Amino acid sequence: MSPRITAATAARVLQQIRHDRRTIALLLIVPSALLFLLSEMLGSVQFDRLGAPMLGMFPFITMFLVTSIAMLRERTTGTLERLMTMPLAKLDVLGGYGIAFALLAAVQALVTSGFVFLVLALDTPGSPALIVGLAVLDAVLGSALGLLASAFASSEFQAVQFMPAFVLPQILLCGLFVPRDEMAGWLDAIASVLPLTFAFDALDAVAVQGDDLAAVSGEIAVLAAFTAAAIGLGALTLRRRTD
Amino acid sequence: MNYAIEIDGLDVERGGRPVLQGLSARLAAGKVTGLLGPSGCGKTTLIRSIVGVQKVAGGSVTVLGRPAGSAGLRRRVAYVTQSPSVYADLTIDENLRYFARVIGAPTETVAEALAAVDLARSGDRLVGTLSGGQRSRVSLACALLGKPDVLVLDEPTVGLDPVLRRDLWALFHRLADDGATLLVSSHVMDEAARCDRLLLMREGALVADTTPGDLRERTGEQDMEAAFLRLVEQ
């Protein structure tokens, strides 16, 4: 693995997105618009409880989708095959994608949380900076899982369906809709091994209970471990030699 | 003779079906070798085995004295896939600069490579807006970066206009004169006449390893298409 090639790959991925203005607009505006909708639906008391966790969900979902499609295109257009004949490590490709989408996610999280805190006046006892940081971490996790998922998709049709297949169950079970201690035991057991559950727990703890960084460091470590594992597995599924 | 690529008893299966069976061939260094045969005869599979991206069931492929696909070859062997493998959502320049960074080629080589495929003045055009022929030239330009010792080109001249095709073949011979080894595949038999050496393939096997002159002499046909037919029927 070479930092020069990883950085070049990240810059190239960002360049590709820069040429796609509409995607940038969608990435930056849609989460804010959805959160506005949510705040209007819920009223300020409920929104103060759910706004921050949702701030982590949207980047997770969009980055999962965007990354899995981007990586799938790399595979199906032959550019990945070309890269595999070049002096670049598999982790240069995955790392490049990870860094590019992490930067994009950071911008998305900053715009969205700026809107939520300044315009929608979300009231939280926790640190807004920590909430933004967690949202970025969730987005990076979404990217990493998207990279891994794309290995199992051979068409765009399949890739977009991994969203309802792998992401929606995590959203349903993470504790957002029904608190986990009110779930059936087996549902809670499943929830306790899904990465988004840890993302929700951390955001909920910071935004609602006002926990600090030290209090959620366990969740952060688990999220980082899931991200690393997804990238590692992604590297294993990437083959220089194929049929 | 000095060989750049040596293939011994190569077996490749795809989807449980044999595509190449015990194929052996030697490619002379510093020459333009044409790989000719009808669509589906296994040309691309052979090419992918040479650049080391094809799963191989048996036999060996040695490139520049090393096993095909080994790490030391990745700077010295360039590969152009059949469908242009460049980023449609980047400009021509951005594509070349990225691949130049990956192989560690100096940035000046970008302009040289674009000039070689007659795209010097179009660098800021988005690849997605180009015609198919232009895209395949961008893809070819990416392979010229960093002056590779071996160039493996899968149907690089398909769909190009005759003037450009002639220019590209002239380029291939210039590269070979500078010491590079080229393997150029085509399903158009007319292109065989432009090669120094020929590998003729049919149904996963090598039909002939020859030169255009020898092929004409052996078959008594001047036209390459007719010569190939005669050879197959013999």
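Author: Let's begin with a term: two residues are in contact if their C-beta atoms, placed from the backbone, lie within 7 Å. Keep in mind that this is a predicted model. With that cut-off, 22 residues of chain A touch 24 residues of chain B. On the chain A side, the elements that give two or more residues are helix H1 (3-18) and helix H4 (79-84). Sorted by class, that side of chain A has 7 nonpolar, 8 polar and 7 charged residues.

Now for the sheet you asked about. In chain B, 4 strands make an open sheet, and if you read across it the order is S2-S1-S4-S5, with antiparallel pairing. So which strands stand at the edges? They're S2 and strand S5 (66-67) of chain B; each has a single partner strand, so one side of each has no neighbour in the sheet.

Strand S1 (residues 3-14) of chain B and strand S2 (residues 17-28) of chain B run antiparallel and are joined by 8 bridges. You can find Tyr3(B) opposite Ala28(B) in S2(B). These two strands form a hairpin, with 2 residues between them. Look at the turn and you'll spot Gly15(B), which has a positive phi of about 60°.

Over at the S5 end, strand S4 (residues 58-63) of chain B pairs with S5(B) through 2 bridges, again in the antiparallel sense. Here Val63(B) stands opposite Arg66(B) in S5(B).

Since you wanted to see what else is around, hop over to the helices of chain A. Two packed helices are described by the angle between their axes and the distance between the axes. Helix H9 (residues 195-207) of chain A packs on helix H10 (residues 217-237) of chain A at an angle of about 150°, and their axes are 9 Å apart. Angles over 145 degrees count as roughly antiparallel, and H9(A) and H10(A) are therefore roughly antiparallel to each other. Their crossing is left-handed. Among the residues that meet are Phe198(A) and Ala202(A) from H9(A), with Leu223(A) and Phe226(A) from H10(A). The residues of this contact divide into 8 nonpolar, no polar and 2 charged.

One last stop is helix H5 (residues 90-119) of chain A, which has 30 residues. From first C-alpha to last, H5(A) reaches 43 Å, close to the 44 Å expected at 1.5 Å a residue. Just after H5(A) comes Ala121(A), with a positive phi of about 50°.

Terms used: Residues numbered from 1 in each chain as written. Chains lettered and ligands numbered in written order. Predicted model: local features only at pLDDT ≥ 70, side-chain atom pairs only at ≥ 80, totals over all residues. Nonpolar A, V, L, I, M, F, W, Y, C, P; charged D, E, K, R; others polar. Axes fitted to C-alpha atoms, helices over the stretch in contact; angles between N-to-C directions. Parallel < 35°, antiparallel > 145°, perpendicular 65-115°, else oblique. Left-handed = near helix turned anticlockwise from the far one by under 90°. Pairing = 2+ DSSP bridges. Expected span 1.5 Å × (residues − 1).
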